[in-house]
Amino acid sequence: MEDLQKLESEIVAAITACEDLAKLEDLRVAEIGKKGRVSLMMRELGKMSPDEKKEFGPKFNKLKTVLVDAIADRKAALELDALNARLQSERIDITLPSRPAPEGSIHPITQVMDEVTEIFTEIGFSVAEGPEIEEDFYNFTALNIPEEHPARQMHDTFYLPEDEDGKRKVLRTHTSPVQIRTMMAGPPPYRIIAPGRTYRCDSDATHTPMFHQVEALVIDKNIHMGHLKWCIEEFCRKFFELDDVKIRFRPSYFPFTEPSAEVDIGCAFKDGEILIGEGDDWLEIMGCGMVNARVLENVNLDPNEYQGFAFGMGLDRIAMLKWGIPDLRDFFAADLRWLKHYGFAALDIPSLSTQNKTTGSK
Ligand code: PHE
């Protein structure tokens, strides 16, 4: 009988030195597999006398346990090494910043709507909406533009085909119908703006069949033209980012306001460019006035109790002015080069509260 202790240290040494899972398996089969060296030796136990069995049985069992454990430990260690090696080789660096340049941009119309909304909500206005396919009543009649009124021709209206009731809806020619909808929806006071699309059958470098306006309506018991003037001046200062903008109120006529005015902004035409806040030229940016008493009556408000002002401003026009965009038609041509040039970064969100200056990427 060989010295079991010596045998044990020999095999354990071989296991510990083994560097490879396949070789470890070979070793396991050769030593403690069914026909392995240790297993064969254990079979010899059968031939031994009871006393010898008593002595060697436990020794063999202990030897086998030691070897099984040593192989299991070595196997675990080799597997761990293999896993670590694989993790190392397949490692990816996730700390790199994303590299593709930001794609897409905010259209100047969206930008101008966001900026206008930011400025007016800051001074207490809320935002109202109305449909682009509008009833004749809201677009004209309730605004004191009766059936035969010449102002209907002025508007170059797109009419829709007659519906079941024999009525023809229109593509709204201005955002003023939202005034009526707002006043019919609930009691005064009102302090709203309504930005949105408008339509007129007209097309050249400064007119497109679809364009944008923002309407404003303020009605309460003591509103006067001074409030209107302040609101417009304050808006122009903030929007054009100028402390000193020249504004001119020119008497005008709208059926739904009395008195009415058109607002011009002071500018200079220089080498085909328009510069706001300089020079002696004027550019019209909106129509405005005190809401006509007849309009108030049309929505069942008492003009002796309530009064207020309204204005309607061309959003495309003020975008062209602010960012020096020469041709209105390009706004809606969906030309990627134009959009890249005049578009705004998606995260350049207009905010007065943080005093961010919003500028084009041009
Ligand atoms: N709706 C008028 C237009 O489109 C503008 C306007 C609105 C004028 C409100 C006065 C008051 O021309």
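The exercises below, each with a worked solution, walk through a sheet, several salt bridges, a loop residue and a surface patch.

This is a predicted model, in which local features need pLDDT of at least 70 and side-chain atom pairs count only at pLDDT 80 or more, while totals for chains, interfaces and linings use all residues. Residues are numbered from 1 along each chain as its sequence is written, and side-chain values use heavy atoms, with hydrogens and water left out.

**Exercise 1. Work out the strand order of the open sheet and name its edge strands.**

Begin with the terms: strands (E, at least two residues) and helices (H or I, at least four) are DSSP runs numbered from the N terminus, and two strands pair if DSSP finds at least two bridges between them. Strand β2 (residues 133-134) is joined by two bridges to strand β4 (residues 168-171), and the two run antiparallel; in this pairing, Glu134 stands opposite Val170. Next, strand β3 (residues 159-162) is also joined to β4 by two bridges, again antiparallel, with Glu162 having Arg168 as its bridge partner. The three strands therefore follow the order β2-β4-β3 in an open sheet with antiparallel pairing. The edge strands are β2 and β3, each of which pairs on one side only.

**Exercise 2. Find the salt-bridge partner of Glu134, and decide whether Glu134 is buried or exposed.**

A salt bridge here is a side-chain nitrogen of Lys or Arg within 4 Å of a carboxyl oxygen of Asp or Glu, and by this rule the count comes to 22. The side chain of Glu134 meets that of Arg181 in such a bridge, at 2.7 Å from N to O. This pair links distant parts of the chain, since Glu134 lies in strand β2 and Arg181 in helix α8 (residues 177-185), 47 residues apart. For the second part, buried means under 20% relative accessible area, exposed over 50%, and partly exposed in between (1.4 Å probe, protein chains only). Glu134 is buried because its relative accessible area is 1%, whereas Arg181, at 25%, counts as partly exposed.

**Exercise 3. Show which two helices are linked by the salt bridge between Lys62 and Glu8.**

The closest N and O atoms of Lys62 and Glu8 are 3.4 Å apart. Lys62 belongs to helix α4 and Glu8 to helix α1 (residues 4-17), so that the pair, 54 residues apart, links distant parts of the chain. Lys62 is partly exposed, with a relative accessible area of 45%, while Glu8, with 13%, is buried.

**Exercise 4. Describe the surroundings of Asn144.**

Asn144 is placed in the loop between α6 (136-139) and α7 (151-154), and its relative accessibility of 16% is why it counts as buried. Its side chain reaches the backbone oxygen of Pro255 at 2.9 Å. Leaving aside neighbours within four places in sequence, Asn144 is in contact (heavy atoms within 4.5 Å) with residues including His149, Pro255 and Arg294.

**Exercise 5. Name the residues of the nonpolar surface patch.**

The patch of about 300 Å² is made by Leu80, Leu83 and Leu87. Of these, Leu83 is found in helix α4 (residues 50-89) and, at 45% relative accessibility, counts as partly exposed. Patches are made of residues with over 30% relative accessible area and no salt bridge, with like charges joined within 9 Å and nonpolar side chains (Val, Leu, Ile, Met, Phe, Trp, Tyr) within 5 Å.

Note on methods
Accessible areas come from the Shrake-Rupley method with a 1.4 Å probe; for residues, only the protein chains shown count as cover. A polar contact is a pair of N or O atoms within 3.5 Å; within protein, one must be able to donate a hydrogen and the other to accept it, and residues adjacent in sequence count only if both atoms are side-chain atoms.
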